[in-house]
Amino acid sequence: MAAPHHNEILLRMAYDAQASGDIDAYIDLLSEDIVFHVPGRSRIAGEFRGKDEVRRHFREIKALSDGTFRTEIHDVLAGEEHVVGLVRGQAERDGGTVDLPRVHVWHVRNGKLAELWVHPADQYAFDAYWGEGT
């Protein structure tokens, strides 16, 4: 079996840091000019530019989910300029668990995660969980 691609390792490190709650380690793996593109009409939708906005984005996710949101890796596909995370998001709501599977398409530049496009499997469920945007 071949060794994992360096961009696969990079993304898995980011997801591991996020899962352990080490947002500083996660942020360290991002480029200074990171951009997140989150589709939809929910309160977490929009474009987030720079590390400060990414931090704010994660604080909002934590607040809206009462700290229950987590991401599990299903698989990671990597090339030289892009890496794709097939992930399962889960959070608690009204005594039950909500599944929010999605695809993350990342652009990698100079060994850092530089841009993210989030693609929810069910945009309606994603928006419904995160609530109507302002």
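**Salt bridges and core**

Trainee: What is the relative accessibility of arginine 55?
Mentor: Arginine 55 has 28% relative accessibility and therefore counts as partly exposed, the class between buried (under 20% relative accessible area) and exposed (over 50%), with a 1.4 Å probe and protein chains only. This is a predicted model, in which local features need pLDDT of at least 70 and side-chain atom pairs pLDDT 80 or more, while totals for chains, interfaces and linings use all residues. Residues are numbered from 1 along each chain as its sequence is written, and side-chain values use heavy atoms, without hydrogens and water.

Trainee: Which residue forms a salt bridge with arginine 55?
Mentor: Aspartate 24 does, with the closest N and O atoms 2.9 Å apart; a salt bridge requires a side-chain nitrogen of Lys or Arg within 4 Å of a carboxyl oxygen of Asp or Glu. The pair links helix α2 to helix α3, 31 residues apart. Helices (H or I, at least four residues) and strands (E, at least two) are DSSP runs numbered from the N terminus.

Trainee: How many salt bridges are there in the whole structure?
Mentor: The search finds eight. One of them joins arginine 109 and aspartate 33, with the closest N and O atoms 2.6 Å apart. Arginine 109 lies in strand β5 and aspartate 33 in strand β1, so the pair ties together parts 76 residues apart in sequence.

Trainee: Changing topic, which residues touch the most other members of the largest nonpolar core?
Mentor: Tyr26, Phe36, Trp106, Leu113 and Trp130, out of 32 residues. Helix α1 provides the largest share, five residues. Such a core is a set of buried Ala, Val, Leu, Ile, Met, Phe, Trp, Tyr and Cys residues joined through side-chain atoms within 4.5 Å.
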